[in-house]
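Here's a quick tour of one protein chain, meant to be read with the structure open beside you. Take a look at it first, then work through the points below.

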Amino acid sequence: MIIDKLYWKTLYYWIRYLNYDLLSSEKENNEIWLVHKRKKSVVVFRRDVTTSQEIRFDKSKVKENFNQLEQTIGFKPKSFNFYYFTDKDFLEEKNNESHPIKIQFHIIRNVKDIKAITPHFVLYKMLVNNEDKKTYSHYKRKVLTNNPLDRHMQRFTPATYVLIITNVIIWLCMILYLNRFSDVKLLEVGGLVHFNVVHGEWYRLISSMFLHFNFEHILMNMLSLFIFGKIVESIVGSWRMLVIYFVSGLFGNFVSLSFNTSTISVGASGAIFGLIGSIFAIMYLSKTFDRKVIGQLLIALLILICLSLFMSNINIMAHLGGFIGGLLITLIGYYFNVNRNLFWILLIVLLLIFVILQIRIFTIKEDNIYDKLIKDQMLGGHYGEARNVVNQTLNKNYADDETYYLSGLITATEESQSEAIAEWERGIKKYPNSGILNYELAIANRSLSDDKKALKYAKKAAKSDPSNTNYKNLQKELSESSDSKDK
């Protein structure tokens, strides 16, 4: 491997895998400075060094101009590492220092010398890979790119990859074990539903973020996560990106629960829109993104929104909530170290919105999602599946009077009217004032010519809901029939 390729490839790997940023490059690119702001580390790559005197000069230059370097870099460096790539032989001297500034010097003449400077074995093996056919020009172009998006996209972002792999594995497991992605199946495996969450199934706030309706759904979300996740992780780091991702996803789900009480919500899009919100916050805070970059991001966002319009089951409220969550949590994290007054204001705003969402979630009228699923299966003619949902509802103690009413209809279709009446009577024991059960029992008993019993149930139904004209009319008919028989 020639020294030029080793020089540019090492530079590229330091940027891609060790998260260093390009600070400056000398006109002929023989001296390039990289910085790592969080580690407060500076590394300098140099080519064509021929004497040890040049190394001594670099050392004195750092020590004598430290204050000026601090202003240029933007932080007080804790360490300087100089990497000299050369094929020249010269006397090496011990120039390393640890106090007052840690300065280390490394001379690289061949691939063996690379091992001493690489932080782990995997990176070393990648650097000295003999099967790498890329030229030094390829790595040079990657290192010197002026487009911020290109720099962020070429970074190694493990958290983003882990999230994508996790989502894909769960998707494949669902294909293997569920066969089809019905609302019933998605509810079983952890889809987000208002009814279940208010009854204590909080895990759905997280599990729903890793479930998807169909192939198009997961494909679009994973492509979006690959783009926006890499950008955010490249800028703020892996752990901060994960915090933004999950806080945004949770915030989006809370907003969704505040408005959607009768649907099943799944997907990573709320968290992904949080990453988009985070990018907009970063652009506002850094003021380093030019119009071209902003335009590219807006085009990507517009494409994402347009594609969403052609997909079913899109949860707009979750997208909006995720965007707001990502925007706020990024600003809160930034102002924690910069402006505590703004930090507390934004934190209070976030908590206030959270409290308002919780109040709304637990005060709006809830719809029993299981009853809706039972009716959907019945309308589709899937009475066996409808019966399975009824059994789930009973086992979870989520059954209400409508559940027993629907269960009776299924029994009447699959078995007999007498078994259906027995089912409705079991429901009446638990819900004696149920209008729908009393009404159905009144009709059933009338069909059996037991008008006296039918009238008793009709009166209860009408009493439970005086505004229901069906109940009132049935009571009137039965009363008139009873009066005519008495005469």
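Lys 40 has a relative accessibility of 31%, so it counts as partly exposed; the cut-offs here are under 20% for buried and over 50% for exposed. Keep in mind that you're looking at a predicted model.

- You'll find Lys 40 in the loop that links strand 2 (31–36) to strand 3 (41–47).
- Its phi is positive, at about 55°, even though Lys 40 isn't a glycine.
- That's worth a second look because most residues other than glycine have a negative phi.
- Ser 449 also isn't a glycine, and its phi is positive too, near 65°.
- Look for Ser 449 in the loop between helix 22 (435–447) and helix 23 (451–464).
- Is Ser 449 buried or exposed? With a relative accessible area of 60%, Ser 449 is exposed.

**Spans marked as transmembrane**

- An unreviewed UniProt entry carries the annotation "transmembrane region" for residues 159–178, 209–229, 241–259, 265–286, 293–310, 316–336 and 343–362.
- Take residues 316–336: this span is 100% helix and 0% strand, and its end C-alpha atoms lie 30 Å apart.
- Now try residues 209–229, where the chain is 71% helix and 0% strand. Here the end C-alpha atoms are 15 Å apart.

**How helix 13 meets helix 14**

- Helix 13 (residues 238–259) packs against helix 14 (residues 269–286) at an angle of about 125°, and their axes are 7 Å apart.
- Angles over 145 degrees would count as roughly antiparallel and 65 to 115 as roughly perpendicular, so helix 13 and helix 14 are called oblique to each other.
- Their crossing is right-handed.
- On the helix 13 side, the residues making contact are Met 241, Ile 244, Tyr 245, Ser 248 and Gly 249. Across from them, helix 14 brings in Gly 270, Ala 271, Gly 274, Leu 275 and Ser 278.
- Sorted by class, this contact between helix 13 and helix 14 has five nonpolar residues, five polar ones and no charged ones.

**A buried glutamine**

- Gln 358 sits in helix 17 (residues 340–363).
- Its relative accessible area is 15%, so Gln 358 counts as buried.
- Which residues does Gln 358 touch, leaving out those up to four places away in sequence? They are Trp 202 and Phe 254.
- Gln 358 and Arg 109 are 249 residues apart along the chain, and 63 Å separates their C-alpha atoms.

Terms used:
Residues numbered from 1 in each chain as written. Predicted model: local features only at pLDDT ≥ 70, side-chain atom pairs only at ≥ 80, totals over all residues. Heavy atoms only, no water. UniProt positions renumbered as here; feature names shortened; annotations may be inferred. Helix = DSSP H or I, 4+ residues; strand = E, 2+ residues; numbered from the N terminus. Axes fitted to C-alpha atoms, helices over the stretch in contact; angles between N-to-C directions. Parallel < 35°, antiparallel > 145°, perpendicular 65-115°, else oblique. Left-handed = near helix turned anticlockwise from the far one by under 90°. Contact = heavy atoms within 4.5 Å. Nonpolar A, V, L, I, M, F, W, Y, C, P; charged D, E, K, R; others polar. Buried < 20%, exposed > 50% of the residue type's maximum accessible area, 1.4 Å probe, protein only.
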